[in-house]
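Reader: I would like to learn how to read the helices, the overall shape and a chain contact in a model. Please take the features one at a time.

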Amino acid sequence: MIAEAPAIAAAPPREAYRPFAAFVYRFKQNRLAVGGTLVIGFFFLLSFVFWLFSVQGFQWPYDPAATEVSAQLLPPSIEHWLGTDQLGRDVFSRMMHGARVSLMVGFVAVGISLTIGILVGAVAGFFGGWVDNLLMRFVDVVISFPSFFLILTVVALLSPSFWNVMVVIGLTGWTGTARFVRAEFLSIKERDYVQSARALGAGHRRIIFRHMLPNSLAPVLVSATLGVAGAILTEAGLSFLGFGVQPPTATWGNILTEGRLYIFDAWWLTVFPGLAILTTVLAFNLFGEGLRDALDPRLKG
Amino acid sequence: MFQFILRRLIQSIPVLFGISVLSFAMIHLAPGSPLGVLMDPKVPPKVVEQWERNFNLDKSLPAQYGLWLKNLATGDLRSFKDGRPVIDKIMERLPATLILNLVATIIIFSIAIPLGVYSATHRYSLADHTTTLFAFVGISMPSFWLAYMLILLIVQGLGLPILGSRTFGLTEVGAVAGLADRLWHLFLPSVILSVAGIASLSRYMRGSMLEVTRQDYITTALAKGLPDDEVRYRHGLRNALMPIITIFGFLIPTLIGGSVIIESIFAWPGIGRLAYQSVLSRDYPTIMTINMITAILVILGNLMADVLYGVVDPRVKVK
């Protein structure tokens, strides 16, 4: 042992392996993912700026709630970049404020489902046996509900408020994460490093949170970003059926939904919010995919 | 195998029980009465009480649950809305939804698998990049938006009727034209319903195929000097297809959720639209029963996936 030590010291100094820098390097290689990140950043910036506007009472270019009888269903023009709706409200202003709602729905819902999913998956995968069996049967129950119909029913019965929509989407979306984490834990559990940690006397909590969770985080992060995308789509779908975040609060989903009644007369009411949803969801999906490739190069497609 | 299926069916009983309790609790604990929707404030309280008695709404929740279960078993469960047996209402709607979803599933698998395989075998080619981009757009698009965009194009551009399961008023035509009309009405909703599925399944297939390519047995087969195509399809594809079977189970809830929206847009007389209408009118017995039926479909789908998995992969012991 002692005799070996000088040999190691004598070895030429190696450049330290910095995992984060390596991750950033790999992520940057993926142009689609970088594009997605920029789009997400852009929408974040927009919704922050327009949130500041609304807090300051500064309405630009128009008050999103101001109706104007003489300006109903105007096509896009210099004054109204994306046209006006059936009440003469400026679609561009409404969409800018809607960005904030869509992003919030996505993040809060995913925050809720991640928390539940990680806990359930980790406990089930780590302890196995009857705990695993019980939790997974519960997952079976939740996963066997066609989630969209479940969300629709609950939101409709609870009355569709902003918070209800987010919480219900979050409460139904955790099963995927739970299964990922569990599967990951099951495969990691028997790995040498976990066995050695156990042999060294590490407790359950330490093994789960210090050794196993960081090593199974890649699929969780990926499913979280994809979850944000899914939650935004779900809110849009709920809006479409009349149970999303309710008007007059502008969301991309309800602008689109109100607009579909005028689809043959005012295409801009349907096309633009749809494109906004598509772009945002696409950005999150590309970001998530890039994240996965960069976090775990073995999975790179 | 038979034993396995039997055991799985028995195991699914508690799951179904859990689903029924959970959905019963959620629906009944939500604020508001189902009578509120159809009630006129001028209706005297006596009549309201009478209605509550008729619908068993005056009983305790566990008692209501028991009655629901009993009525469901005897086929005597009646809709709050029109008093018709729920089973009848659902059964007349179920075939339309099953056809729609079956066609969508066939479209998904027959397009996504070749697409994914081609993408993986021609990795980083133009075709691969294009497929990838289309897959991402397909996953990211709200299906109802796509539906409206297509409606805008088809109705405005081509003037073709698309709503319903057949063209309204079209009766005096031959069997062939009638069938063609029905197929056309089936075409658009099932295509839209399958877009997201094609997109995600082709990605899975591509990933699975690439994963298999890295396996030692592929290297071995190539090292032995077997022709590329034989290795790719006989050794690679067969193994790459296995994880795809599990996707089948995941697909069903997504499809059913999608049908709620698609059926509402296309006025498709299926169970998704019935579900939406029941939610609107707070028709508890119908909502509950649809919940149960879709849950049973999901469980059967998963069971089928597991059985198929056991068939194609002998390493997975069916136990």
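This is a predicted model: local features need pLDDT of at least 70, side-chain atom pairs count only at pLDDT 80 or more; totals for chains, interfaces and linings use all residues.

Reader: How many helices and strands does chain A have?

Author: Helices (H or I, at least four residues) and strands (E, at least two) are DSSP runs, numbered from the N terminus. Chain A has 13 helices and zero strands.

Reader: What is the radius of gyration of chain A, and what would a compact globule of 301 residues have?

Author: The radius is taken over C-alpha atoms, and the globule rule is 2.2 Å times the number of residues to the power 0.38. The rule gives a value near 19 Å for 301 residues, but chain A has 24 Å. Along the principal axes, the C-alpha atoms of chain A fill a box of roughly 90 × 50 × 35 Å.

Reader: Why does the end-to-end distance of helix α3 of chain A agree with its number of residues?

Author: The expected span of a helix is 1.5 Å times one less than its number of residues. Helix α3 of chain A (residues 31–56) has 26 residues and should span 38 Å; its end C-alpha atoms are 37 Å apart, so the two agree. Just after α3(A), Gly57(A) has a positive phi of about 70 degrees.

Reader: Which residues of α3(A) are buried, and what do they pack against?

Author: A residue is buried if 20 or more other C-beta atoms lie within 10 Å of its own, exposed if 12 or fewer, and partly exposed in between, with C-beta atoms placed from the backbone. In α3(A) the buried residues are Ala33(A), Gly36(A), Phe43(A) and Phe50(A). They pack against α2 (19–29), α4 (91–127) and α13 (268–295) of chain A. In helix α3 of chain B (residues 45–54), the number buried is zero of 10 residues, so this helix lies largely in the open.

Reader: How many residues does each chain give to the contact?

Author: Two residues are in contact if their C-beta atoms, placed from the backbone, lie within 7 Å. The contact takes 35 residues from chain A and 38 residues from chain B. On the side of chain A that touches chain B, the largest share, nine residues, comes from α6(A).

Technical notes:
Residues are numbered from 1 along each chain as its sequence is written. Chains are lettered from A and ligands numbered from 1 in the order in which they are written.
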